[in-house]
Amino acid sequence: MDTSYRTGGVKYECLLFDMDDTLYPLSLGLNLFCRKNIQEYMLELLHIEESEVPKMCLDLYREYGTTMAGLKVLGYEFDNDEFHAYVHGRLPYEKLKPDPVLRNLLLSMPQRKIIFTNADHAHAVKVLNRLGLEDCFEGIICFETLNPPKQINCMDVPNDNHVLTDLTENGCFNSHPQILCKPSVEAFEAAIRIANVDPKKTIFFDDSVRNVESAKITGLNTVLVGHSDLVPGADHALNSIHNIKEALPEIWEIEDGNQQQKIQPPTVETMVLA
């Protein structure tokens with residue numbers, strides 16, 4: 001989606017959005033199903049002692065950003081695609097419904113809009129399609145973006161479905177010995193580089209306090225979603241992603257010489273259809 005012609009004079013040039021529990025409410029419970037699937041994978045495929053799985057799953061998430069990243073650090077060997085297929089492939093995506101309110105808000109924003117998620121690309125596409133937001137973003141920074149297969153000729157990698165890729169100066173993917181993911185500051189620095197944005201002119205939206213804290217360290221403007229109270233590192237706090245217009249009207253403001261004008265978002269219904 002080309003928004004370059006619309007960004008002249010705006011205070012912010014890009015909006016980075018987390019996806020899960022940010023573009024849809026935590027109350028839908030997909031995170032609980034995801035955790036259940038991860039624990040079953042640890043038990044059934046990695047053969048970790050059943051009594052240890054729940055605590056280990058949570059401890060690794062807290063320490064490494066994702067349980068998957070922690071398992072890799074501990075030396076467990078498994079296929080990344082297999083893990084994602086097991087964990088996300090059985091989620092009840094039918095819980096996600098089209099969100100015309102959010103869609104209209106996103107389409108009215110003059111900035112570039114990019115998804116930045118720890119999840120795999122297949123999951124991101126399913127979620128965005130279910131929400132009816134698949135054409136609202138110019139690209140997706142996902143697991144495969146930050147953790148590409150090693151020793152791949154970039155000319156052989158298909159770049160469809162808006163997957164943004166990270167290339168070094170010699171044209172090959174960067175590689176990391178461990179899984180790179182939020183809330184690592186390095187992951188945010190990589191996302192900023194990949195998206196080719198100025199962090200001072202970019203807003204990052206996420207439901208995770210620690211992700212927001214790391215984003216702030218890299219110079220991004222930050223919005224904590226799903227919370228009413230500000231926390232260290234958050235410039236704004238929104239109970240719901242639908243409150244963007246009221247909390248950040250400057251997204252729609254443009255400067256015409258010394259005059260400030262406002263782009264009026266289209267009038268939308270205030271209730272999301274179930």
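In strand β1 (residues 14-17), Cys14 and Leu16 point one way, Leu15 and Phe17 point the other way, and all are buried. Strands here are DSSP runs of E with at least two residues, helices are DSSP runs of H or I with at least four residues, and both are numbered from the N terminus. Buried means under 20% relative accessible area, exposed means over 50%, and partly exposed lies in between, with a 1.4 Å probe and protein chains only. The structure is a predicted model in which local features need pLDDT of at least 70 and side-chain atom pairs count only at pLDDT 80 or more, while totals for chains, interfaces and linings use all residues. Residues are numbered from 1 along each chain as its sequence is written, and side-chain values use heavy atoms, with hydrogens and water left out.

Strand β1 runs parallel to strand β2 (residues 112-116), and four bridges join them. Two strands pair if DSSP finds at least two bridges between them. Arg112 in β2 is the bridge partner of Cys14. Four bridges also link β1 with strand β4 (residues 202-206), again in the parallel sense. In this pairing, Phe204 of β4 stands opposite Leu16.

Helix α1 (residues 30-44) and helix α4 (residues 80-88) have axes that come within 8 Å and cross at roughly 130°. Axes are lines fitted to C-alpha atoms, for helices over the stretch in contact, and angles run from 0 to 180 degrees between N-to-C directions. The angle therefore makes α1 oblique to α4; under 35 degrees counts as roughly parallel, over 145 as roughly antiparallel, 65 to 115 as roughly perpendicular and the rest as oblique. The contact (heavy atoms within 4.5 Å) involves Cys34, Asn37, Ile38, Glu40, Tyr41 and Glu44 of α1, together with Glu82, Phe83, Tyr86, Val87 and His88 of α4. Six of these residues are nonpolar, two polar and three charged. Nonpolar covers Ala, Val, Leu, Ile, Met, Phe, Trp, Tyr, Cys and Pro, charged covers Asp, Glu, Lys and Arg, and the others, Gly among them, are polar.

Helix α1 also packs against helix α2 (residues 53-64), at an angle of about 115° and with the axes 10 Å apart. Arg35, Ile38, Gln39, Met42 and Leu43 of α1 meet Val53, Pro54, Met56 and Cys57 of α2. This contact has seven nonpolar residues, one polar and one charged.

His84 belongs to helix α4. Its relative accessible area is 6%, so His84 is buried. Neighbours within four places in sequence aside, His84 is in contact with Met68, Gly89, Asp120 and Phe143.
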